[in-house]
Amino acid sequence: MPDFVGAVDQGTTSTRFMLFDHSGNEVAKHQLEHEQILPRAGWVEHNPVEIWSRTQTVIQTALNNAGLGASDLAALGITNQRETAVVWNRKTGRPYHNAIVWQDTRTDRIASALDRDERGDVIRRKAGLPPATYFSGGKIQWILENVDGVREAAENGDAIFGNTDSWVIWNLTGGPDGGSHVTDVTNASRTMLMNLETLDWDDELLGFFNIPRAMLPEIRPSSDPDGYGEIRGLASLRDVPLTGDLGDQQAATVGQVCFGVGEAKNTYGTGNFMLLNTGEELVRSKNGLLTTVCYKFGRQKPIYALEGSIAVTGSAVQWLRDQLGIISGAAETESLARQVPDNGGIYFVPAFSGLFAPYWRSDARGVIVGLSRFNTNAHLARATLEAICYQSRDVSEAMEQDSGVHVEVLKVDGGVTANNLCMQLQADILGVPVSRPVVAETTALGAAYAAGLATGFWANTDELKVNWNESRRWDPEWNEQQRADGYAGWKKAVERTLNWVEVG
């Protein structure tokens, strides 16, 4: 059997390709950023053609650097930014419009209209999601209604939809020449169109958005022994079976081997995403969380999760760099924030595109409160790191109320975990230890695990658990009074963000 499994990680700001060995160790990696297209306030787009081009380049470069080829790979997995919608022509492969990114808020009128009547309750019950700009369904509707010719093309079967996993898989498996139009249960569960109980597209939900069923990909397991097809669209990986597909946050949960009920992980990327494994039980949130599919391995029953999705975390650090210019790189945030012992009384709530979990307020916008002439850029840097951690506490509190499970240790991954001060603040603000694994790229690793399980490269999840090793742990240092006072200030700051934008 070949010695490695590959994983494409198609993220919000970049695409990477990684190779892993049987012990879950990184063997090779290459990564390229793609353009963030911002046509107007609240709109965020990507060029799908650029993403496909980047995907080909990172795969080829990583293989070349490692001196490996298709015969060295047992399988390929895909993980992706979820909810980012692509609509393209089945015959030509050309997108009808730029991909509409999960952060985009142009569909706020669609979402608010759904939430004003009983349709919102149906979406919550069937799909486990609140009507929100975050999810794919409204984005498809917007493209159908606003891009000339798409409605007609969809009705005759030429215009098809997918999150970016479907777009990449379709191109990898041949594109217009017989490419597989598929997705997995985790990505499908982020559209507002899939019934969580049947794991199939729901005609009533499709009717709410006026989306033809023929546009939608076939829903498959996250780890599929039957595969989604062999690679045909890239010579360097020709005939490698494509057998794993997971939305990025579910992939990170698999990569963190959170296979037990009550195990949780928090991924710090562009946004922040905490998932709690609830097993085969479909737990419906009463506290602003999402009910989602965690993964489905082959013919086994689906495993569900509660998720807290936070729109802005790592992108708040990017804002300090790109818009304010107070840092030249993300790593500087830590050294700048360490210049002061606390936040100097200021709080920064980065509600740039509204507030996601547990508030779900599209009328919110970002605020910095508590400013005095005493405050410096160091205080703002520290308040930015604290905002990442306080948003995670909001989600953690909601999870405990919904599930009755108190997280004993929080497993963390993603780029922000390289910031040791931020992780210490996370432990302090949550009041529980925070644990970072040796392999920080758990999203790509989870996609590799899903693909390798399907082909027998790994026999079972017990093998995967053996691969997990802790790199560092942070224990809380704040006392309970510090924790309570800090959180009370945060809650006051959140109140100041609300009712800023008129939502129709």
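This is a predicted model: local features need pLDDT of at least 70, side-chain atom pairs count only at pLDDT 80 or more; totals for chains, interfaces and linings use all residues.
Thr443 is buried, at a relative accessible area of 13%. The residue belongs to helix α14, which covers residues 442–455. What does Thr443 touch once its neighbours within four places in sequence are left aside? The contacts are with Asp9, Thr79, Asp248, Ala251 and Ala252.

Strand β5, residues 73–80, is joined to β13 by five bridges, and the two run parallel. Within that pairing, Asn80 sits opposite Gly247 of β13.

The axes of α1 (residues 48–66) and α6 (residues 164–172) come within 10 Å and cross at roughly 60°. That angle makes α1 oblique to α6. As for handedness, the crossing of α1 and α6 is right-handed. On the α1 side the contact is made by Pro48, Val49, Trp52, Thr55 and Ile59, and on the α6 side by Trp167, Val168, Asn171 and Leu172. In general, an α-helix has 3.6 residues a turn, so residues three or four places apart point the same way. Elsewhere, helix α2 (residues 108–115) has Ile110, Ala111, Ser112 and Leu114 buried. The cover over these buried α2 residues includes α3 (118–127), α4 (136–146) and α8 (203–209).

Now for the seven-stranded sheet. It is open, with mixed pairing, and its strands come in the order β16-β17-β15-β14-β20-β21-β22. Strands β16 (290–295) and β22 (470–474) are the edges, each pairing on one side only. Here the twist averages 30° from one strand to the next. Helix α13 (residues 420–430) packs on this sheet and touches β14 (264–268), β20 (410–413), β21 (434–437) and β22, with its direction at about 55° to that of β22.

Which way do the residues of β20 point? Leu410 and Val412 point one way, Lys411 and Asp413 the other way, and all are buried. On one pairing, β14 and β20 run in the parallel sense over three bridges, and Lys265 has Lys411 of β20 as its bridge partner. Strands β20 and β21 also pair in the parallel sense, over two bridges. In that case the bridge partner of Lys411 is Ser435 of β21.

Between β20 and α13 there is a loop that holds Ala418. Is Ala418 buried or exposed? With a relative accessible area of 58%, Ala418 is exposed. Even so, Ala418 touches Glu334 and Arg436, not counting residues up to four places away in sequence. Ala418 and Arg436 are 18 residues apart in sequence, and their C-alpha atoms are 9.3 Å apart in space.

Last, the cysteines. A disulfide is a covalent bond between the sulfur atoms of two cysteines. With a cut-off of 2.5 Å between cysteine sulfur atoms, the count of disulfides comes to zero. Cys294 is in no disulfide, as the nearest cysteine sulfur, that of Cys258, is 7.9 Å away. Cys294 is buried, with a relative accessible area of 0%. Cys389 is in no disulfide either, and the nearest cysteine sulfur, belonging to Cys422, is 3.9 Å away. Cys389 likewise counts as buried, at 0% relative accessibility.

Methods. Residues are numbered from 1 along each chain as its sequence is written. Side-chain values use heavy atoms; hydrogens and water are left out. Buried means under 20% relative accessible area, exposed over 50%, partly exposed in between (1.4 Å probe, protein chains only). Two strands pair if DSSP finds at least two bridges between them. Helices (H or I, at least four residues) and strands (E, at least two) are DSSP runs, numbered from the N terminus. Axes are lines fitted to C-alpha atoms, for helices over the stretch in contact, and angles run from 0 to 180 degrees between N-to-C directions. Contact means heavy atoms within 4.5 Å. Angles under 35 degrees count as roughly parallel, over 145 as roughly antiparallel, 65 to 115 as roughly perpendicular and the rest as oblique. A crossing is left-handed if the near helix is turned anticlockwise from the far one by less than a right angle, and right-handed if clockwise.
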